[in-house]
Amino acid sequence: MEVSPVIASPRRDEVGGRPLLVVLTGTVFVQALMVWALASGSDPEDGSLPLTALRVITILGIGTAQVALVCVWRLVTMVRRGTVFSHAAFRYVDVIIGAIVAAALMWFAVTALNAPGQRDDPGVTLIMGGIGVAILGVALIVLVLRMLLAQAVARDVEAARMQAELAEVI
């Protein structure tokens, strides 16, 4: 009987560190370009869209993505250390939920800014509103996952308590 070789586990950086760092660096770069475009005023507005408001919303929206990325990074670190099933993880999950809700609200603001230009085709505004509802749906999914995390933490605490009682008996 031949034993199959053990599959090597991915390196720590491949689990989440480097890709998250690349994405975070990219968002900071894009955000800096947006702030520069806003501050310099080099792009003249022709009045068809309120570009200043859209730029501010875009900068804030990128900020919500950055907050969520940092929290995911912290959660990945907790997974690597084996401490994700603790009460400390809830803080990061709650911030992720808040960032997703904030992103949805900003998307609704973009929809409201875009709506006056879509009077001939209101379907675009309805589709954009549907996308905002879908973003809120992602927040709902993360909330359900938070509840599952709460159950896992409670079971972990209970298992530790039972193990301590068993150790006392033995």
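The chain has a mean pLDDT of 85, and 85% of its residues reach 70 or more; pLDDT is the predictor's confidence in each residue, from 0 to 100. This is a predicted model, in which local features need pLDDT of at least 70, side-chain atom pairs count only at pLDDT 80 or more, and totals for chains, interfaces and linings use all residues. Residues are numbered from 1 along each chain as its sequence is written, and side-chain values use heavy atoms, with hydrogens and water left out.

**Confidence**
- Residues 1–14 have pLDDT below 50, and this stretch makes six contacts beyond near neighbours in sequence (contact: heavy atoms within 4.5 Å).
- Where pLDDT is low, the predicted coordinates should not be read in detail.
- Among the elements of the chain, mean pLDDT is lowest in helix α1 (residues 12–40), at 78, and highest in helix α3 (residues 88–114), at 95; helices are DSSP runs of H or I, at least four residues, numbered from the N terminus.

**Gln31**
- Gln31 belongs to helix α1.
- Its relative accessible area is 16%, so Gln31 is buried (under 20%, with a 1.4 Å probe and protein chains only).
- Beyond four places in sequence, Gln31 is in contact with Ile59, Ile62, Gly63 and Gln66.
- The Gln31 side chain reaches the backbone oxygen of Ile59 at 3.0 Å.

**Helices α2 and α3**
- The axes of α2 (residues 51–81) and α3 come within 9 Å and cross at roughly 160°; axes are lines fitted to C-alpha atoms over the stretch in contact, with angles from 0 to 180 degrees between N-to-C directions.
- The two helices are therefore roughly antiparallel (angles over 145 degrees).

Note on methods. Buried means under 20% relative accessible area, exposed over 50%, partly exposed in between (1.4 Å probe, protein chains only). A polar contact is a pair of N or O atoms within 3.5 Å; within protein, one must be able to donate a hydrogen and the other to accept it, and residues adjacent in sequence count only if both atoms are side-chain atoms. Angles under 35 degrees count as roughly parallel, over 145 as roughly antiparallel, 65 to 115 as roughly perpendicular and the rest as oblique.
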